[in-house]
Every structure is written in structure tokens, then in C-alpha cells.
Amino acid sequence: MNNQVFQKIADRLNLPSDAIGSDGIKFRGNGPTISETGYWSNESGDELIRWHLSRVRILELTKDLNDTEVWDIRTETGLKNHVSIPTIGCRWYHNLMRWEYLLNEFANGRTLPEFTKLDENTLINSFNSVSSARINCKKTAGCGSCPDNVLKEHIARYGDVILEQIQTFPKKPNIILIGGCSGNIILKKIVKELYSNLQIFANGWIHYSEKERIIVINGYNPNPRYRKDKDVYGELRNNLLQFRFRKGTDFLNFE
């Protein structure tokens with residue numbers, strides 16, 4: 001089904017299919033491996049089964065590929081290439097790993113770690129094992145930034161195909177992390193098209209559907225401008241604690 005989705009997008013943009021980046025449920029083979037040319041990647045394995053069986057399923061909705069070339073982000077490891085010892089590649093991935101780890105701990109009812117307590121190896125292992133997915137809302141190459149008008153244009157052209165892509169997952173996600181508010185474009189044009197009964201909690205950061213048992217984080221781009229990583233992490237952590245305080249533990253009964 002994924003190939004059909006990407007081909008539909010290519011057709012609507014009047015582009016060859018190799019100009020469209022692939023995404024979706026992250027590959028979960030035997031763990032990250034480094035090639036002879038020095039590039040880390042994950043191979044496909046039992047990720048669809050693991051997604052279906054996982055109690056916590058995290059979907060990350062990001063803007064686009066920060067590069068001049070496209071690739072299949074289902075293979076992503078977040079690791080620095082040409083370094084044989086697993087090391088987080090850049091600030092963008094460091095933040096995404098932190099946030100994903102925090103959300104997984106939150107969804108499992110565990111203590112939410114302070115920023116200074118996060119261990120790089122723990123983040124890497126979690127990022128490459130937890131059942132999660134990532135979808136770019138602009139699937140062509142980009143570099144540096146994705147202006148709001150460009151994001152709107154792409155979602156207008158094939159947003160319905162992204163909705164179709166999410167709906168083909170073996171099971172719906174129960175946590176959605178939006179990586180880049182951008183005037184709530186992704187929240188309004190993608191997430192609320194799927195889940196219209198979201199209620200706002202915790203200073204607008206967190207939206208929750210009681211009916212669907214879905215938590216939505218309307219957050220920052222993982223490379224936030226003018227904000228320190230520690231501050232963004234602390235803000236997310238505090239809002240998750242507020243949500244847990246208001247909702248008790250009932251929200252942990254995910255479908």
C-alpha cells in the first residue's frame with residue numbers, strides 16, 4: 001500500500017516517483033547496522049507485527065526532509081554516519097529521541113526523567129526499538145526550512161493521501177507528536193481531519209480524544225529556533241505531568 005501512496009503523491013505533483021521520500025512505520029530488523037560506506041540504517045523486519053501488538057504506538061508528524069535528496073526515513077537510526085560507535089547524529093535527532101523516550105515513559109505510567117538524567121545509549125536503544133512511525137507532510141526534498149505557505153500547498157495537494165496512509169496502519173497510533181506547530185497547519189489539516197473530537201489540555205500543548213484514546217502533542221520542530229533544548233524538554237515534561245494530574249491514570253487504558 002505504501003508504494004501506491006507515494007505514487008499518488010508523485011502523480012499529483014507531476015514528479016517522478018524517485019523524487020518522493022518514503023516514510024511510515026519505522027523499520028525494525030535486527031537493529032542499526034553500518035554499511036561498508038559508513039552509513040547507518042535499519043532494515044525491514046517484523047515492524048508491522050510489532051506495531052499491531054504494541055500497547056504504545058507513537059506517530060511523529062514532521063514537515064520535510066532537511067536535505068537536497070530524498071530517502072526512506074523508515075530506515076532512520078538517528079546515528080552519526082562514518083562513526084563506528086553509535087553516536088546521536090545531530091541536534092534534530094537528539095531532541096526527537098528525547099521527546100520520543102519521554103512520551104514512551106509517560107504512556108507506560110513511569111516516572112518522567114529530568115533532562116539531565118537522559119543517557120545517550122538509552123535514547124539510542126529506545127529510538128531503535130520502540131514501535132513508532134514518522135511521516136513527513138511535505139514529501140519532497142527540502143533544506144534549511146519549510147515555510148508555512150509551502151507546507152500548506154503540499155498538504156492541500158495530497159493531504160487526503162497522508163490521511164489514507166495513516167489509516168492503512170495495522171492499528172491506529174495512540175500518541176501523535178507534531179514536530180512543528182507552524183500556525184497549527186498539521187494539527188488542523190491532518191490530525192483533526194482524522195480525530196475531530198480532540199479537547200485541549202495543558203496550555204494548548206496537549207490535545208486528547210476521550211473517545212479515540214489518542215493523545216496529540218502540538219510541539220516544536222526538533223531543531224527549535226530561539227529555544228534551548230533543556231527548556232523545550234522541560235516544558236513538554238511539565239505539560240505531560242499536568243495532563244496526568246488532571247486525567248489520573250485512566251488515559252493509560254489505550255486501545
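Contact here means heavy atoms within 4.5 Å. The structure is a predicted model.

## Exercise 1: a glycine in a loop

Is G78 buried or exposed, and which residues does G78 touch?

*Solution.* 
- Step 1. G78 belongs to the loop between strand 5 (65-66) and helix 3 (91-107).
- Step 2. Read the accessibility. The relative accessible area of G78 is 4%, so G78 is buried.
- Step 3. List the contacts. With residues up to four places away in sequence left out, G78 touches T87, I88, G89, Y93, M97 and F127.
- Step 4. Compare sequence and space for a further pair. G78 and W40 are 38 residues apart in sequence. Their C-alpha atoms are 8.4 Å apart.

## Exercise 2: salt bridges

How many salt bridges does the structure hold? Work through the pairs R134 with E76, R110 with E105, and E210 with K247.

*Solution.* 
- Step 1. Side chains of opposite charge can pair when their charged atoms come close.
- Step 2. Take the total. The structure holds 18 salt bridges.
- Step 3. Start with R134 and E76. Their closest N and O atoms are 2.9 Å apart. R134 lies in strand 6 and E76 in the loop between strand 5 and helix 3, so this pair ties together parts 58 residues apart in sequence.
- Step 4. Check the exposure of both partners. R134 counts as buried because its relative accessibility is 3%. E76 is buried too, at 5%.
- Step 5. Widen the view. K26, E60, E76, E100 and R134 are linked in a network of salt bridges.
- Step 6. Turn to R110 and E105. Their side chains meet in a salt bridge of 3.0 Å, N to O. R110 is partly exposed at 39% relative accessible area. E105 counts as buried, at 10% relative accessibility.
- Step 7. Finish with E210 and K247. Their closest N and O atoms lie 2.6 Å apart. E210 is in the loop between strand 10 (206-209) and strand 11 (214-219), and K247 is in helix 7 (residues 229-247), so the pair ties together parts 37 residues apart in sequence. E210 is partly exposed, with a relative accessible area of 36%.

## Exercise 3: the pockets

What volume does the largest pocket have, and what volume does the second largest pocket have? Describe the lining of each pocket.

*Solution.* 
- Step 1. Take the largest pocket. About 1200 Å³ of space lies in the largest pocket. It is lined by 42 residues, and D64, L65, N66, W92 and Y93 are the closest to its centre.
- Step 2. Assign elements. Strand 3 (40-41), strand 5 and helix 3 each give two or more residues to this lining.
- Step 3. Sort by class. The lining of the largest pocket has 15 nonpolar, 18 polar and nine charged residues.
- Step 4. Move to the second largest pocket. Its volume is about 150 Å³. Twelve residues line the second largest pocket, with N2, I25, L48, R74 and F169 the closest to its centre.
- Step 5. Assign elements again. Strand 1 (24-25) and helix 2 (47-53) each give two or more residues to the lining of the second largest pocket.
- Step 6. Sort by class again. Six residues of this lining are nonpolar, four polar and two charged.

## Exercise 4: the cavity

How many cavities of 30 Å³ or more does the structure hold, and which residues line the largest cavity?

*Solution.* 
- Step 1. Count. The structure holds one cavity of 30 Å³ or more.
- Step 2. Give the volume. About 30 Å³ of space lies in the largest cavity.
- Step 3. Name the lining. The residues are W99, L177, W205, I217, G219, Y220, V232 and L236.
- Step 4. Assign elements. Strand 11 and helix 7 each give two or more residues to the lining of the largest cavity.
- Step 5. Sort by class. The lining of the largest cavity has seven nonpolar residues, one polar and no charged residues.

Notes. Residues numbered from 1 in each chain as written. Predicted model: local features only at pLDDT ≥ 70, side-chain atom pairs only at ≥ 80, totals over all residues. Heavy atoms only, no water. Helix = DSSP H or I, 4+ residues; strand = E, 2+ residues; numbered from the N terminus. Buried < 20%, exposed > 50% of the residue type's maximum accessible area, 1.4 Å probe, protein only. Salt bridge = Lys/Arg side-chain N within 4 Å of Asp/Glu carboxyl O. 1 Å grid on protein atoms, 1.4 Å probe; cavity = no way out; pocket = protein on both sides within 12 Å on 5 of 7 lines; lining within 4 Å. Points joined across faces, edges and corners; volume = space filled by probe spheres on them. Nonpolar A, V, L, I, M, F, W, Y, C, P; charged D, E, K, R; others polar.
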